[in-house]
Amino acid sequence: MNQAEIVSIEHLDYYYQDANQRKQVLYDINLNIYPGEILILTGASGSGKTTLLSLIGCLRSIQSGSLKIFGHQLYRASEQKRMQLRRQIGYIFQHFNLWDFMTIRQNIQISLELQQHFSAKKARIQTDSILQEVGLSRHANAHPSELSGGQKQRVAIARALVHRPKLVLADEPTAALDSQTGREAMEIVRHLAKQEGSAVLIVTHDPRILDVADRIIRIEDGRLGTAYGEELSLVLPTLSDRELTQIASTLKVQTYAKGETIIQQGDIADKFFILIEGTVEVVQEQDNSEVVFLRTLSRNDYFGEIGIVNQSQRTATVCVISEEGAKVIVMERDIFMSMMSESDLTNIIIKHQVQERLYRKLIDLQA
């Protein structure tokens, strides 16, 4: 295992015993989660999301395959070992799970008292520090029943992160919150996790928080795959649910190594690309063979639309520059044109983007 990985899963299967029948619910799961990464896991009810989360959270025994947390193998790990690892994980739940007979400070501080080598004084200082970070300092001596839903979730976030865990697991953390409050809660998680370099895995159905993720994956019938519809909805939010569903089934993901060319200037414009991992550079070769840098693109940027919309050849070259390579969602030309014809707003937005990029390109070349 690469030591940079917080979670490393290889060929993981899982079964439930249903009466006299053994029912498989997870199939050949392969997944890595890295420090500082926020990963969102989506999928329909019964698809295996919660089962996978509970396995990563050391709440269930591994039956087959490999699952490592912080470099420790969970397959055949004892209950005592799993308990030790659980204490190093931060958990955020949908229903807050706060004790009303305790104050807010006590609800948070108890997480530290479960840790080894934590004095009462140090626990108090660290608790007060995170109360300030989540904006609840003046409520430290209040009880959960005195707080709003959003404030309770902030307490739950503080409790999960107060011991500075390197892995945070969140199960439907915004389900009981309104749009704004849920958004604010996830921004707090993102800020604190990035600050500490923690890996965060969020299981959610909530489309309002998808853009906090560095990566989105989907589980269907116990198998992991790319969340095409969710990624597409972030980039082109004007598409309807019906259009997203139709288009998602036609897409594919392609991976490129550093230095590889995704689009070559002068080639036929036959595909549209959405960048979901990595960074690419856009350059253009002039008539005098001089290569001019145009721009850098990163996650949720798209490219390849100019040649398709203008029915021309590729007007620039796109190369991968990130060390880890790049991953793109690929849409064939006929699907792209169908999308443009069915969604008027998407048509307007993309054509506006084409004109804006052509104008910026002209300005760049004149500079």
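These legends go with a set of close-up views of one predicted model.

Everything here comes from a prediction: local features need pLDDT of at least 70, side-chain atom pairs count only at pLDDT 80 or more, and totals for chains, interfaces and linings use all residues. Residues are numbered from 1 along each chain as its sequence is written, and side-chain values use heavy atoms, with hydrogens and water left out.

**View 1. The largest nonpolar core has 39 residues.**
A nonpolar core here is a set of buried Ala, Val, Leu, Ile, Met, Phe, Trp, Tyr and Cys residues joined through side-chain atoms within 4.5 Å. Look for Ile-40, Ile-108 and Ile-202, the residues with the most contacts inside this core. Two or more core residues come from each of β3 (38–42), α3 (104–113), α4 (120–133), α5 (149–161), β7 (167–171), α6 (179–196) and β8 (199–203). The top contributor is α6, with six residues. Another core, of 31 residues, lies apart from this one and has Ile-6, Leu-39, Leu-53 and Ile-219 among its members. Helices (H or I, at least four residues) and strands (E, at least two) are DSSP runs, numbered from the N terminus.

**View 2. Ile-209 sits in the loop between β8 and β9.**
Ile-209 is buried, with a relative accessible area of 1%; buried means under 20%, exposed over 50%, and partly exposed in between (1.4 Å probe, protein chains only). Skipping residues up to four places away in sequence, Ile-209 touches Ile-40, Thr-174, Gly-182, Arg-183, Met-186, Ile-202 and Thr-204. Contact means heavy atoms within 4.5 Å. Glu-220 is 11 residues from Ile-209 in sequence and 20 Å away in space, C-alpha to C-alpha.

**View 3. The largest pocket holds about 490 Å³ of space.**
On a 1 Å grid over the protein atoms alone, a pocket is an open set of points with protein on both sides within 12 Å along at least five of seven lines, a cavity is a set of points where a 1.4 Å probe fits but cannot get out, and lining residues have an atom within 4 Å of a point. Grid points are joined across faces, edges and corners, and a volume is the space filled by probe spheres set on the points. The lining has 27 residues, and Thr-42, Arg-218, Gly-229, Glu-230 and Leu-244 are the closest to the pocket's centre. At least two lining residues each come from β9 (215–220), β10 (223–226), α7 (228–235) and α8 (241–248).

**View 4. The second largest pocket holds about 400 Å³.**
Of its 17 lining residues, Ile-89, Tyr-91, Ser-111, Leu-114 and Arg-159 are the closest to the centre. Two or more come from each of α2 (79–86), β6 (89–92), α3 and α5, and β6 gives the most, with three.

**View 5. The largest cavity has a volume of about 180 Å³.**
Sixteen residues line this cavity, with Phe-303, Gly-304, Ile-306, Thr-315 and Ala-316 the closest to its centre. β15 (291–297), α9 (305–309) and α11 (344–366) each give two or more residues to the lining.

**View 6. Four strands make an open antiparallel sheet in the order β2-β1-β4-β5.**
β2 (21–33) and β5 (72–73) stand at the edges with a single partner strand each, so one side of each has no neighbour in the sheet. β1 (residues 7–18) pairs with β2 over nine bridges; two strands pair if DSSP finds at least two bridges between them.
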